[in-house]
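Here is a short note to read alongside the structure, arranged as numbered points. Please keep the sequence and the model in view while you go through them.

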Amino acid sequence: MCLDSQLQELQLIQHSLLPGESFSFVLPPDDSRIWTSLLHSFNTTTPSTLPPLTSPVPQVKFQVKAADARIFFEVQFPERYPEDSDVDIAQVPLVSVNGEGMSRDEHHQWRAFVQERLAEVRGTDYPIYQLLCMHLLPKLHEDGHSIDTGLSESLDIPEQSTNRLPETANYHVLLTSHHLVSPTKRRSLQRWSSELSISGFAKVGYPGIIYAQGSQENIQEFVASVKSMQWLALRVRFVEPIDLANDEHHQGWTEFQKVGEVVEEMKRRGKDKYITEMGIGSSASK
C-alpha cells in the first residue's frame, strides 16, 4: 500500500475544505479508528516518519459533504493507489455521487461530470484532491445544491455598506495552504508586513497558516502579493472588516511552529473562533 502518498492526499483534502464542508471516513468502526489515528499522526509529525505498523492497513473510503447539501461524494482508494493508477484501471479510485432525492437524469449528469473531470486530472499530482476541491465541490456550490458559505476571495465592500465604512477601514484575512516551508516565502511575508504596516503571523510547516490585519488597501495588496507566489492548495478563508481601536495585539509579525500556538495567539486577540470554527485547530494545543 502506498500509505504515505494516500495520507498526504487525505491531509491535503482536509486542509483545503472551506467552512461548511466536512471530511469523514466511511468504514467499519475499527477500520475508521485505524485511519483516524494514522491521519492524526501524519498531521502532527513530519511526513514519512509514521510509526511502524503492526497489522495490514485496510483500504480507505471517505466522504466529503457540504453543509445543508443533499448531494455528497464518496471516494475509495485502491490498495496501490496512486502508484499504479496510470497503468492499471483497477487502481483508479472509485468516486460516487450520492444524495437524497436525486433523479435518474441528475445522477447521470453528475456521473458524466465526474468521469470527465477524473480523466482530466488523471496522471497529475493529487488527482482526487484536484477532482474534489477544484471541480466537484465548486460545482456543488455553483449549482445551488448547498448553502452559501458566505466566503469570498474578493476584498470588495458590498455596495450597500460603502456609505457606512470609512475609507480607512481596517480588515483582517486568514489564508491556509498545504504547507509553508520556503525561506523565501517566509522572508517575503516578513518584508511585506513591514512595508505595508501589517501585523499578524505565519504558521510554518504542515499546514501553512497566514493571518494578517491592517488597512483595507494594504491587506488587499498583501493578499495579491501572497497569491502571486506558487502555493499548493492556497485558500483565502475569509476577508472581513475589523475594529482595531481597542486591539492591543496588532503590532509586528510572528512565526509559529504548531497549530496550538496559533489557537493561543488568536485567543489573545479575542478571535480564536475564526480558527476553531473552521476546524483548523481546537481549544487544546496540538
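1. The accessible surface of the chain comes to about 14,900 Å², and 46% of that area belongs to carbon and sulfur atoms; such areas come from the Shrake-Rupley method with a 1.4 Å probe, and for residues only the protein chains shown count as cover. This is a predicted model, in which local features need pLDDT of at least 70 and side-chain atom pairs count only at pLDDT 80 or more, while totals for chains, interfaces and linings use all residues. Residues are numbered from 1 along each chain as its sequence is written, and side-chain values use heavy atoms, with hydrogens and water left out.

2. The secondary structure of the chain amounts to 8 helices and 9 strands, where helices (H or I, at least four residues) and strands (E, at least two) are DSSP runs numbered from the N terminus. Of the 286 residues in the chain, 47% are buried, a word that means under 20% relative accessible area, with exposed meaning over 50% and partly exposed in between (1.4 Å probe, protein chains only).

3. In soluble globular proteins, nonpolar side chains tend to be buried together. The largest nonpolar core here has 41 residues, of which F62, I128 and L132 touch the most other members; a core of this kind is a set of buried Ala, Val, Leu, Ile, Met, Phe, Trp, Tyr and Cys residues joined through side-chain atoms within 4.5 Å. Helix α4 gives the most to this core, with 8 residues. Apart from it lies another core, of 22 residues, including Y171 and L196.

4. Leaving aside neighbours within four places in sequence, L132 is in contact (heavy atoms within 4.5 Å) with I13, F62, V64, F73, V75, L137 and P138.

5. What is the nearest side chain of opposite charge to the buried E21? That side chain is R235, 4.9 Å away, and E21 has no salt bridge, a term for a side-chain nitrogen of Lys or Arg within 4 Å of a carboxyl oxygen of Asp or Glu. Lys and Arg count as positive and Asp and Glu as negative, whereas His and the chain ends are not counted.

6. E255, found in strand β9 (residues 253-256), is partly exposed, with a relative accessible area of 32%. E255 and K203 are 52 residues apart in sequence, yet 5.7 Å apart in space, C-alpha to C-alpha.
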